[in-house]
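Morning, everyone. I have one structure to walk through today, and I will keep it short. Please have a look at it first.

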Amino acid sequence: MTVTTVEPVRPSSALKAIPRQYVHKTAQAEVLLCGWQNNGEDSFLAPAQWPRSHSFYAPAHGLHDPMLFAESVRQAMPLVSHAGYGAPMDHRQIWDRFRCTISAEALRHERLPADLEMHLTCADIVKRAGRLGGMALRATAVRGGRRMGVAETRFTNQAPAIYRRLRGPRCDAARAMADAVPLPAPLAPDQVGRIDPQDVVLAPGNADRHWQFRVDVTHPVLFDHPVDHIPGMLLLEAARQAAHSTLHPRQTVMTSIDATFTRFVEFDAPCWIEAEPNAASTPGHETVRITARQGDHAPFTATVTSLILSR
């Protein structure tokens, strides 16, 4: 992805507005972070606002979608890279690890948008030739003065020349998306906690708890801009939907996810999603282990824990 160049934001104690380019979004409406400020060495504050309704991450059961927290953290990654550490706008942030926990009670949906503060702390910062090479980022979300969730992620920051060497001919986003596997028919939306079939990212597979990853490159939210590989947020959504389907017909809400990204997931080959319930789940919650398989590799794994709302 090539992001339009804008002048770097200079850290200061004053709250700064965020251009959409700093969170790698094309649509301004998809920007969840409302500003940022430098709170000291390797520490930042980024207020966020979750809308009352969202075309993809819609509220359910009187609760905001917990994936809004994951997307808020995802947006914080390029924000701190570009604004906090001066990474050029054409550098890419690549996930290695993401995990978060969130309070279902704090997700309550109200008449007004949800305003929260994202307290960001950066550690294990790697620099190469004086430029950011990667870091660990911890994000604590506070709503109404109460902590609502905590996330930890590790990502690398890749310069264009390094990224081109890493990806080779697959670096062409338009060609990669054009070569995407034909879109299979989706599962029934209610089976994965969805209403619109367009928002279902799983298709029937060959066995129970086995699905084909359904990657709709025309989806206006999941593919806000061209990319050369399947985005990390889409893999997290596949894990969430797979956990929901495994626990169906019980109504659930995700309260934690722990994900590892070991390889890029490509557009031009089928990817299969597998789920395995965890017998060690705690009372009132269920944990499901998710594995994505493409060819001979398992490029993505995740453990999803969900609160059981009804049986």
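**A walk through the model**

Let's start at Q21, which sits in the segment before β1 (37-40). Is Q21 buried or exposed? Q21 is buried, because its relative accessible area is 13% and the cut-off for buried is under 20%. Now put G134 on screen with Q21. They are 113 residues apart along the chain, and their C-alpha atoms are separated by 19 Å.

Before going on, a word on confidence. This is a predicted model. Its mean pLDDT is 92. Of its residues, 95% reach 70 or more. Still, where pLDDT is low, the predicted coordinates should not be read in detail.

Now the overall build. How many helices and strands does the protein have? There are four helices and 12 strands. The radius of gyration is 19 Å, close to the 19 Å from the globule rule for 311 residues, so the protein is as compact as a globular protein of that length. The C-alpha trace spans about 50 × 50 × 35 Å along its principal axes.

Buried residues make up 52% of the 311. The exposed surface comes to about 14000 Å². Carbon and sulfur atoms supply 50% of that surface. Take the contacts between residues at least 6 apart in sequence: 65% of them join residues at least 24 apart. As for charge, we have 33 positive and 31 negative.

On to R167. You will find R167 in helix α2, residues 160-167. R167 is buried, since its relative accessible area is 6% and buried means under 20%. Which residues does R167 touch, leaving aside its neighbours within four places in sequence? The contacts are D228, H229, F264 and E266. Take D228 from that list. R167 and D228 are 61 residues apart along the chain. Their C-alpha atoms are separated by 8.8 Å.

Now some backbone details. Two residues have a positive phi without being glycine. Take D124, with a phi of about 50°. D124 belongs to strand β4, residues 114-128. With a relative accessible area of 57%, D124 is exposed. Then take A129, again with a positive phi of about 50° and again not a glycine. A129 is in the loop between β4 and β5 (131-143). Is A129 buried or exposed? A129 counts as exposed, because its relative accessibility is 87% and the cut-off for exposed is over 50%.

One more backbone point. Which two residues are joined by a cis peptide bond? They are H248 and P249, with omega about 15°. P249 is placed in the loop between α4 (232-247) and β9 (251-261).

To recap the places to look at. Q21 is buried, in the segment before β1. R167 is buried too, in helix α2. D124 and A129 are exposed, each with a positive phi. The cis bond is at H248 and P249.

Conventions
Residues are numbered from 1 along each chain as its sequence is written. This is a predicted model: local features need pLDDT of at least 70, side-chain atom pairs count only at pLDDT 80 or more; totals for chains, interfaces and linings use all residues. Side-chain values use heavy atoms; hydrogens and water are left out. The radius of gyration is taken over C-alpha atoms; the globule rule is 2.2 Å times the number of residues to the power 0.38. Buried means under 20% relative accessible area, exposed over 50%, partly exposed in between (1.4 Å probe, protein chains only). Contact means heavy atoms within 4.5 Å. Accessible areas come from the Shrake-Rupley method with a 1.4 Å probe; for residues, only the protein chains shown count as cover. Lys and Arg count as positive and Asp and Glu as negative; His and the chain ends are not counted. The place of a charge is taken as NZ of Lys, CZ of Arg, CG of Asp or CD of Glu. pLDDT is the predictor's confidence in each residue, from 0 to 100.
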